[in-house]
Amino acid sequence: FPPQSYSATHRIAKFAQYLPDFNFHPIILKPNVVIGDQLDPKLWNQVKNKVTMAPSWSPSSIFIKKNHHTKNNQSKKSEQKSQSNKSKNTITSKSKKHILNILNKIVSFVAIPDTQILWTPFSVHKALEIIRQENPKVIFASGMPFSIFVTATLIKKLTGRPLVLSF
């Protein structure tokens with residue numbers, strides 16, 4: 001879903017954009033992190049007033065590097081300190097990358113149908129919270145990744161709501 005910009009994102013964003021015209025109010029459950037490099041803020045601007053976003057914590061957030069400072073905002077003193085610690089940081093950075101690479105391979109090997117299955121417990125919890133508060137009449141799931149359909153099926157079984165899948 002926007003701000004990501006993939007072909008399937010455009011399809012589901014347009015679908016959600018026009019649902020209010022037919023008396024449906026879409027509540028979008030999605031991870032709290034944006035993964036990927038194809039972003040389209042214009043697409044988000046088209047749908048943001050038509051949908052309610054319900055972000056849920058995602059294990060992917062562990063692997064997303066958060067950088068709140070740019071080089072332009074650093075003082076010369078902190079830049080010099082950074083240079084003096086460069087060798088230490090490089091070793092630490094290489095070690096972290098190596099550990100994350102190993103973890104990623106393990107998760108990729110055991111995560112079926114895909115690595116986003118790790119989001120399932122958090123998304124099911126958030127979905128049940130939304131259902132208690134908003135009482136939606138139907139669950140609609142659109143994927144890739146395919147683990148979305150596992151999550152949607154669990155929510156259907158727990159709530160008895162009708163489920164519509166789009167892929």
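Reader: By about how many helical turns are Glu129 and Lys126 separated in helix 5?

Author: Helices (H or I, at least four residues) and strands (E, at least two) are DSSP runs, numbered from the N terminus. Glu129 and Lys126 are three residues apart in helix 5, and therefore about one helical turn separates them. Please note that this is a predicted model, in which local features need pLDDT of at least 70 and side-chain atom pairs count only at pLDDT 80 or more, whereas totals for chains, interfaces and linings use all residues. Residues are numbered from 1 along each chain as its sequence is written, and side-chain values use heavy atoms, with hydrogens and water left out.

Reader: In what kind of contact do the side chains of Glu129 and Lys126 meet?

Author: Side chains of opposite charge can pair when their charged atoms come close. The contact here is a salt bridge, with 3.4 Å from N to O; the criterion is a side-chain nitrogen of Lys or Arg within 4 Å of a carboxyl oxygen of Asp or Glu. A search of the whole structure finds one salt bridge. Glu129 is partly exposed, at a relative accessible area of 26%; buried means under 20% relative accessible area, exposed over 50%, and partly exposed in between (1.4 Å probe, protein chains only).

Reader: Which residues of helix 5 are buried, and where do they fall when seen down the axis?

Author: The arc is taken from the directions from the helix axis to the C-beta atoms. In helix 5, the buried residues are Thr120, Ser123, Val124, Ala127, Ile130 and Ile131. They fall within an arc of 125 degrees, so they line one face of the helix. Pro121, His125, Arg132 and Gln133, on the other side of helix 5, are exposed.

Reader: How many helices and strands does the protein have, and what pattern does it follow along the sequence?

Author: The secondary structure comes to six helices and four strands. Along the sequence, the pattern is α-β-α-β-α-α-α-β-α-β. Of the 167 residues, 27% count as buried.

Reader: How many aromatic pairs does the structure hold?

Author: Rings of Phe, Tyr and Trp (its six-membered ring) pair if their centres lie within 6.5 Å; planes under 30 degrees apart count as stacked, over 60 as edge-to-face and the rest as tilted. The structure holds four aromatic pairs. One of them joins Trp57 and Phe122 edge-to-face, at 4.8 Å centre to centre with 70 degrees between the planes. Trp57 lies in the loop between strand 2 (52-56) and helix 3 (76-84) and Phe122 in helix 5 (residues 120-134), so the pair ties together parts that are 65 residues apart in sequence. Trp57 is partly exposed at 38%, as is Phe122 at 33%. Elsewhere, ring pairs link Phe146, Phe149 and Phe167 into a cluster. Phe149 lies in helix 6 (residues 147-159) and counts as buried at 12% relative accessibility.

Reader: Which residues have a positive phi although they are not glycine?

Author: Asn23 has a phi of about 65 degrees and is found in the loop between helix 1 and strand 1 (27-31). At 75% relative accessibility, Asn23 counts as exposed. Phi of Asn135 is near 55 degrees; this residue lies in the loop between helix 5 and strand 3 and is partly exposed at 40%.
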